[in-house]
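Let's take a walk through a protein model together. Have a look at the structure below, and then we'll go through its pockets and a pair of helices.

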Amino acid sequence: MHAPAPSSGYLSDVTFPDRFHRELSPAWLNYASVLGGARPKALDRPFRYLDLGCGFAHSTVVNAAAFPHAEFHACDFNPAHIEAAQRRAAQLGAGNVVFHEASFEALLEQDLPTFDFIVMHGIYSWVDADVRRVVRALISRRLAENGLVYLSYNCQPGWSAEAPLRKLMLELAQAAQGGIESRTGSAIAAMQALGNPSFRYFRDNPSVTDALTALAKSPIDYLAHEYLNGTWEIHYSVDVIDQMAEAGLGYAGSATLADNHPALLMDRQAAETIAAMPNARLRHLAEDYAVNRRFRRDVFVRGARAGQSQAEALRHLEALPIGCVSDIEQIDTRVAIPRGMLSFQTEFIADLRTLMQSGSMRIGDIVARLGSGGHNRRDILQNLLYLVASGALTPFAQAGGYVEEGARRTASPAVAAALACCVGDEAPTLVPCEALGNGVSVSRTEATQAQRWLAGEQVERPARLARLRMLCGA
Ligand SMILES: C[S@@+](CC[C@H](N)C(=O)[O-])C[C@H]1O[C@@H](n2cnc3c(N)ncnc32)[C@H](O)[C@@H]1O
């Protein structure tokens with residue numbers, strides 16, 4: 001534990017949980033923004049990426065290993081976070097990450113290059129207005145033209161019933177004794193004692209009782225960072241749009257991919273009511289009310305949406321690679337979407353599985369292959385986008401399949417290092433995958449099989465890792 005004394009009131013006497021967020025991948029963000037009409041990023045060329053408030057920087061370090069030709073920067077003022085992130089980078093041999101153990105305020109004064117991506121996960125609702133201004137100044141100064149920003153935050157109206165819980169928790173924690181962890185634990189215990197139907201707040205807001213049950217099961221370090229910072233601000237999406245507009249950015253889409261498809265979120269009546277609203281700003285806000293949204297993963301772009309024809313935007317979308325990260329059989333005829341379940345024709349899914357067996361493909365190529373039997377190309381495109389939104393398919397960085405030639409090997413030393421970690425770890429490990437441009441969760445069993453196959457043993461080649469081109473050779 002370290003206890004620096006930052007000025008902004010953000011907690012530093014307990015570390016944040018070590019979490020991986022697939023939405024922070026450049027390939028994922030590129031997909032979300034192109035879907036929203038932005039111009040694509042050339043991910044096969046050098047680019048720069050900055051993670052502000054990186055915590056343990058799990059995603060950023062794995063992404064750095066998945067994009068060895070790019071330059072990643074990770075900033076956090078908690079020394080324990082940066083030390084752990086540096087250890088992980090060293091473990092993977094990812095030499096393309098520059099770590100900044102610094103506050104955003106200090107970073108603003110540094111001589112930095114410009115960035116094609118600036119990401120902030122779990123920052124904007126948890127720092128005060130001055131720090132948010134600094135963050136926007138950093139974006140304004142350091143984001144390249146056409147650059148993307150990922151910004152996640154708590155939003156209304158989804159927090160309207162539960163927001164008073166935070167005030168209660170903060171006051172209870174402040175009145176308790178001990179360090180931050182024991183005060184957090186005391187606050188949760190006291191809230192559970194209060195959370196009974198004789199307190200009208202709980203009786204009148206049944207969802208709050210469920211929230212309290214969930215809170216009591218959450219890790220203490222997460223609760224401390226989520227609820228006990230000096231600031232905990234819930235934003236309205238249109239206000240965040242206004243703030244980003246001041247920094248010269250426009251909304252491009254959501255990294256919660258289903259959120260880009262209203263048909264997957266709400267019924268026809270809600271969609272028609274929203275469509276009839278007088279402007280885009282109101283439609284954007286009303287959607288949060290239609291789904292009672294409480295968390296957003298917004299992607300903003302500097303400049304790049306302007307001047308694109310619809311045909312050009314479609315061409316860019318069709319050039320994006322997508323594929324299957326799980327076992328192919330898991331591409332099902334029924335997939336879960338926010339509104340419920342969505343069904344596809346058995347034949348369509350069977351043909352898609354056959355195609356995906358040989359690796360990731362550009363969307364346009366899949367449409368061309370599946371559309372050759374007279375199927376409607378527009379419907380096929382929509383089905384593919386819905387399958388990506390449901391998680392059955394995933395945005396990739398590259399199109400292609402298994403490389404059969406040569407000796408058995410891993411795609412990179414980083415894959416070998418990560419597989420070695422998987423073998424020594426009970427929990428699945430995120431292994432950097434250049435084809436995906438993201439981390440792939442690998443179990444100990446799968447990693448052990450891969451290592452035995454790599455060592456030349458007579459075991460079956462791990463099909464999924466081979467298809468993802470993390471393993472190559474005959
Ligand atoms: C909720 S955590 C999110 C960590 C990480 N992005 C993730 O999602 O796993 C917020 C992080 O921002 C860092 N942070 C908060 N205020 C900061 C500031 N003013 N300058 C630098 N880092 C800051 C904290 O130390 C913490 O690691």
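The residues that line the second largest pocket split into 22 nonpolar, 16 polar and 8 charged (Ala, Val, Leu, Ile, Met, Phe, Trp, Tyr, Cys and Pro count as nonpolar, Asp, Glu, Lys and Arg as charged, and the others, Gly among them, as polar). Keep in mind that this is a predicted model, where local features need pLDDT of at least 70 and side-chain atom pairs count only at pLDDT 80 or more, while totals for chains, interfaces and linings use all residues. Residues are numbered from 1 along each chain as its sequence is written, and side-chain values use heavy atoms, with hydrogens and water left out.

A pocket here is an open set of points on a 1 Å grid over the protein atoms alone, with protein on both sides within 12 Å along at least five of seven lines, and lining residues have an atom within 4 Å of a point. Domain 1 (22–157 + 234–301) and domain 2 (163–227) both give residues to the second largest pocket's lining, so that pocket lies between them; the domain bounds come from an automatic or database domain assignment.

Now for the largest pocket: Leu35, Gly36, Asn260, His261 and Pro262 lie nearest its centre. Helix H18 gives the most to its lining, with 7 residues (helices are DSSP runs of H or I, at least four residues, numbered from the N terminus).

H18 (residues 377–390) also packs against helix H16 (residues 346–357), at an angle of about 70°. The two are therefore roughly perpendicular, a label for angles of 65 to 115 degrees.

Key. Axes are lines fitted to C-alpha atoms, for helices over the stretch in contact, and angles run from 0 to 180 degrees between N-to-C directions. Angles under 35 degrees count as roughly parallel, over 145 as roughly antiparallel, 65 to 115 as roughly perpendicular and the rest as oblique. On a 1 Å grid over the protein atoms alone, a cavity is a set of points where a 1.4 Å probe fits but cannot get out, and a pocket is an open set with protein on both sides within 12 Å along at least five of seven lines; lining residues have an atom within 4 Å of a point.
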